[in-house]
Amino acid sequence: MTDDLRGVPTSASRIRLSRVVDALDANLHGNVHGGAIMRLVDEAAGVVASRHSGGRVVTAVVDEMQFVVPVHVGDVVTCEAQVNWSGRTSCEIGVRVTAQPWDQAGEAGRHVASAYLVFVAVDDAGHPRVVPPVMPENDEGRRRFREAEIRRGTRLARREAILRSRERTPAG
Ligand SMILES: CC(C)(COP(=O)(O)OP(=O)(O)OC[C@H]1O[C@@H](n2cnc3c(N)ncnc32)[C@H](O)[C@@H]1OP(=O)(O)O)[C@@H](O)C(=O)NCCC(=O)NCCS
């Protein structure tokens, strides 16, 4: 854990994580189960959030998980993950997933999925703790930061609207 709350550049925590998906990851149609991809996405994003915040984190929100095309048994699946935005105790991690047949090194990876995840940094008691601000390093990083702020606004507004609706119409 760190008490140093100076800005941390995006590149300090960015990672690329790969694994070969096998028959144990298959769904009933013989492709790779979406849950297997989600686990890899959560793992990659969790590493980035832990590195950025300098300690323990929990997944708070998995947002906009999109599956673009199927993943096949025997593909090398690669997650590229980086921190897009940070708030007081939370941060948003963007993950892009590509896949390549395990035996065709020269072939460009297919974009198979992407997602945005919100992690909250927590202390040993599980209470939220402050995270360092993220420092975007180029125009693309600044664009990601702005767009992450828009998504955060939408998430919080949606949560507020649902809570207000429940207050007006208690479940019964
Ligand atoms: C995530 C958790 C620590 C949040 O606790 P909390 O008491 O609601 O904390 P807060 O209300 O102070 O919110 C903490 C941060 O999360 C953000 N947050 C919480 N819910 C959010 C949502 N739905 N969308 C976006 N941000 C959210 C808050 O905005 C705040 O961020 P900020 O400090 O950067 O502004 C708590 O809900 C928890 O432990 N959940 C279980 C996590 C877990 O086990 N994950 C693994 C899944 S198996």
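## Arg 142 and helix 2

Arg 142 belongs to helix 2, which covers residues 139–168; helices here are DSSP runs of H or I with at least four residues, strands are runs of E with at least two, and both are numbered from the N terminus. This is a predicted model, in which local features need pLDDT of at least 70 and side-chain atom pairs count only at pLDDT 80 or more, while totals for chains, interfaces and linings use all residues. Residues are numbered from 1 along each chain as its sequence is written.

Arg 142 counts as exposed because it has 11 C-beta neighbours inside 10 Å. The cut-offs are 20 or more other C-beta atoms within 10 Å of the residue's own for buried, 12 or fewer for exposed, and in between for partly exposed, with C-beta atoms placed from the backbone. Trp 85 lies 57 residues from Arg 142 in sequence, and their C-alpha atoms are 9.3 Å apart in space.

## Overall architecture

The protein contains two helices and seven strands, arranged along the sequence as β-β-α-β-β-β-β-β-α. Along the principal axes, its C-alpha atoms fill a box of roughly 50 × 50 × 35 Å.

Of the 172 residues in the protein, 29% are buried. Residues at least 24 apart account for 74% of the contacts between residues at least 6 apart in sequence, a contact being a pair whose C-beta atoms, placed from the backbone, lie within 7 Å.

## Helix 1

Helix 1 has 20 residues and spans 28 Å from its first C-alpha to its last, close to the 28 Å expected at 1.5 Å a residue; the expected span is 1.5 Å times one less than the number of residues. Its buried residues include Ile 37, Leu 40, Val 41, Ala 44, Ala 45 and Val 48. An α-helix has 3.6 residues a turn, so residues three or four places apart point the same way.

Gly 34 is located in helix 1 and is partly exposed, with 14 other C-beta atoms within 10 Å. Its C-alpha atom is separated by 8.7 Å from that of Val 71, 37 residues away along the chain. After helix 1 comes Gly 54, with a positive phi near 75°.

## The largest nonpolar core

The largest nonpolar core has 34 residues, of which Val 41, Ala 45, Ile 93, Val 95 and Phe 119 touch the most other members. Such a core is a set of buried Ala, Val, Leu, Ile, Met, Phe, Trp, Tyr and Cys residues joined through C-beta atoms within 7 Å. At least two residues each come from helix 1 (34–53), strand 4 (75–86), strand 5 (90–101) and strand 6. Strand 6 provides the largest share, nine residues.

Beyond its neighbours within four places in sequence, Ala 45 is in contact with Ala 81, Ile 93, Val 95, Leu 117 and Phe 119. In soluble globular proteins, nonpolar side chains tend to be buried together.

## The ligand shell

The ligand is surrounded by 17 residues, the closest being Val 58, Gly 87, Arg 88, Thr 89 and Ser 90; a residue is near a molecule if its C-beta atom, placed from the backbone, lies within 6 Å of it. Strand 3 (57–67), strand 6 (110–121) and helix 2 are the elements giving two or more residues to this shell.

By type, the shell comprises eight nonpolar, five polar and four charged residues. Ala, Val, Leu, Ile, Met, Phe, Trp, Tyr, Cys and Pro count as nonpolar, Asp, Glu, Lys and Arg as charged, and the others, Gly among them, as polar.

## Glu 64 in strand 3

Glu 64 lies in strand 3 and is exposed, with 11 other C-beta atoms within 10 Å. Its phi is positive, near 55°, in a residue other than glycine. Most residues other than glycine have a negative phi.

Note on methods. Contact = placed C-beta atoms within 7 Å.
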